Amino acid sequence: MTSTSNIQSVQSESAVYAPSSHFAKAMPSLHVPDMATYEKLHTQALNNPENFWGDIAKEFHWYKPWNTVLEWNCPDAKWFSGGTTNACFNAVDRLVANGQGDDVAILWEGEPAGDNGDTPEIRKITYKELQNEVSRVANTLKRMGVRKGDVVTLYMGMVPELAFAVLACARIGAPHSVIFGGFAASAIVDRVHDAKSKVIVTCDGAWRRGSIVPLKENVDKACEQLPEVKNIVVLKRVGNSINMKSGRDQWWHDAVAKETTSCACEEMEAEELLFLLYTSGSTGKPKGIRHTTGGYMIYTAHTAKLTFNLLPRAGQIFWCTADIGWITGHSYVIYGILANGVTTFMYEGAPNAPKEDRFWRIVQRHKITHFHTAPTAIRAFMKWGDALPAAHDLSSVKLLGSVGEPINPEAWMWYREKIGGDCCPIMDTFWQTESGGHLITPLPGCTPMKPGSCTLPFPGVDAAIVDEQGNELPANSGGLLVIRKPWPGMLRGIHGDRERYIETYWGKIPGMYLAGDGARRDGDGFFWIMGRIDDVLNVSGHRLGTAEVESSLVGSKLVVEAAVVGMPHEIKGTGIAAFCVPHPDYAHAADDALRQKLMLHVTNDIGAIARPDMIRFTTGLPKTRSGKIMRRLLRDVAAGKETTQDVTTLEDFNVLAKLRESDE
């Protein structure tokens with residue numbers, strides 16, 4: 001591993017926003033009302049995790065209490081050993097038993113037909129209705145021979161039935177493996193084979209921007225290489241023509257409707273597998289991240305509760321825009337939100353279909369109180385213009401969230417001002433598929449906020465910035481982000497690959513979990529994520545975070561979005577390539593003069609070492625359907641070589657083609 005001692009950093013700590021008094025006044029109560037309370041909780045959690053997490057776990061339903069809260073033998077953690085529980089019961093049945101059966105659990109909006117988006121399909125599912133539907137799906141799976149421990153693969157669009165299927169699996173103790181609907185047949189093959197699934201639940205298709213995503217067709221292609229698949233349940237969503245194989249395929253409306261609503265929850269050991277979630281990766285075999293029942297259930301519910309100040313029966317409607325195919329959808333669309341008795345909002349489609357104001361129409365129509373999305377989406381909103389959110393009533397929004405990648409300060413400021421009315425707190429969360437829930441995040445009404453910083457560790461998370469030997473570095477020194485103590489939501493391994501688990505997360509710095517990100521901690525102890533370790537460039541011997549150069553470019557106000565990658569350089573070894581989407585005011589003048597202005601801005605902002613060697617203007621960047629920029633593809637473009645990597649999640653192949661065709 002190369003040295004991190006010279007990582008540059010330019011984010012400014014000068015802009016500090018006090019905890020939002022507006023938010024505090026809008027809430028019936030605050031779970032963490034001030035920094036003194038946070039410090040007390042964090043100290044308690046670090047010094048005595050058994051008491052801290054044991055007290056939190058007592059708020060949930062357990063069939064049998066645990067013997068020990070934590071058993072830690074690095075890199076293996078066991079949480080709530082000896083205890084038995086069920087994640088579905090705690091997310092659904094417990095709320096029904098507590099008198100919330102008639103409260104709306106899931107509020108869903110389908111992709112609107114037509115041009116204006118004013119008449120979408122809307123469904124409201126109460127907790128009691130959710131309990132009934134989940135039980136029917138669970139009985140369907142049991143009738144097909146699914147037993148405790150059998151992995152069920154789910155490959156569906158963003159419809160309520162996907163949530164039903166997830167919870168049904170948890171109900172009967174069958175780990176679910178959700179495959180993002182943007183993946184192609186080859187990705188299905190890899191994941192189903194690795195999980196040894198015999199049952200797949202899918203849809204005939206899914207709507208996205210008025211077009212049909214051929215989900216069942218992709219499953220059929222995959223099953224040509226998956227003779228082990230014995231049953232496929234198909235939800236009719238779009239009505240396209242599909243093949244139904246006799247003896248293997250069943251329609252959801254035929255199979256599920258005839259089942260009863262009575263299905264007892266399986267009693268699960270706390271450390272039994274709840275789900276597998278495969279990381280997309282760039283090449284090679286996907287990693288099946290293992291999450292177990294008790295620790296994940298407690299951690300997602302508690303992080304959701306504190307980070308978003310969730311309160312049951314307080315009129316909160318929580319909208320996380322993530323697809324359930326990603327960990328954010330698992331934790332903060334389904335498990336963490338429902339377990340807190342709060343309505344979770346789901347939507348089908350895309351943010352710019354039928355129009356680019358779709359999200360703001362949704363917020364206004366449903367009076368969304370908590371809005372949680374990705375920085376990439378925020379930068380797209382900026383590009384589409386201030387007039388779109390301004391034309392809608394967003395006053396219902398009390399809290400904003402950011403997830404998926406570091407948010408540049410310029411986007412943070414726009415988000416707060418244009419969407420949050422210049423008063424909503426922004427929960428800039430840092431976490432991973434592997435962590436199960438938030439690792440570093442502000443807490444609303446409590447934590448001062450700095451644009452671009454994810455601020456402070458969640459109570460109980462022992463985060464640090466270290467060098468390659470594991471020595472903690474002083475303030476403002478760039479280094480490696482690690483977690484030094486176990487937390488309940490942590491992964492329990494990579495499915496079927498113990499060696500890869502240890503090598504990836506624990507092998508580089510013994511005794512510490514390596515997050516894989518470069519970061520630094522400022523003088524106030526606030527964390528600044530600088531990008532993945534492989535996104536930290538070595539330019540003429542100096543380590544430079546790509547996220548910082550991107551923030552500088554966007555901060556110039558000449559561009560609305562930027563992605564920076566390394567490129568081969570004859571002298572420097574690694575040069576800096578920047579792909580920029582010009583601000584609409586400058587799109588007509590995306591020429592060498594604009595290029596020189598941007599280079600000068602970065603030079604003045606960071607230093608000559610960060611001056612891009614190449615700036616290429618583009619109308620769009622290659623992104624996954626979840627909105628993440630596929631920088632690995634840009635590295636190939638910058639190097640002038642053909643891409644041989646996995647592009648199954650690429651949203652728009654035309655973007656990549658246009659980049660290859662363009663000149664500087």
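**View 1. The second largest cavity of this predicted model has a volume of about 40 Å³.** Here a cavity is a set of points on a 1 Å grid, over the protein atoms alone, where a 1.4 Å probe fits but cannot get out; its volume is the space filled by probe spheres set on the points, which are joined across faces, edges and corners. Lining residues, those with an atom within 4 Å of a point, include Phe180, Arg191, Tyr278 and Trp326. By class, seven are nonpolar, one is polar and one is charged. Nonpolar covers Ala, Val, Leu, Ile, Met, Phe, Trp, Tyr, Cys and Pro, charged covers Asp, Glu, Lys and Arg, and the others, Gly among them, are polar. Residues are numbered from 1 along each chain as its sequence is written, and side-chain values use heavy atoms, without hydrogens or water. Because the model is predicted, local features need pLDDT of at least 70 and side-chain atom pairs count only at pLDDT 80 or more, while totals for chains, interfaces and linings use all residues.

**View 2. The largest cavity also comes out at a volume of about 40 Å³.** Helices α4 (87–100) and α10 (293–307) each supply at least two residues of its lining; helices are DSSP runs of H or I with at least four residues, strands are E runs of at least two, and numbering starts from the N terminus. Among the lining residues are Ala87, Asn90, Met297 and Tyr335. No charged residue takes part: the lining has six nonpolar and two polar residues.

**View 3. Phe80 sits in strand β2 with a positive phi near 60°, though it is not a glycine.**

**View 4. A cis peptide bond joins Cys74 and Pro75, with omega about 10°.** Pro75 lies in the loop between β1 (68–73) and β2 (76–81).

**View 5. Asp422, in the loop between α15 (409–419) and β20 (426–428), has a positive phi of about 60° without being a glycine.** Asp422 is partly exposed, with a relative accessible area of 48%.

Notes. 1 Å grid on protein atoms, 1.4 Å probe; cavity = no way out; pocket = protein on both sides within 12 Å on 5 of 7 lines; lining within 4 Å. Buried < 20%, exposed > 50% of the residue type's maximum accessible area, 1.4 Å probe, protein only.
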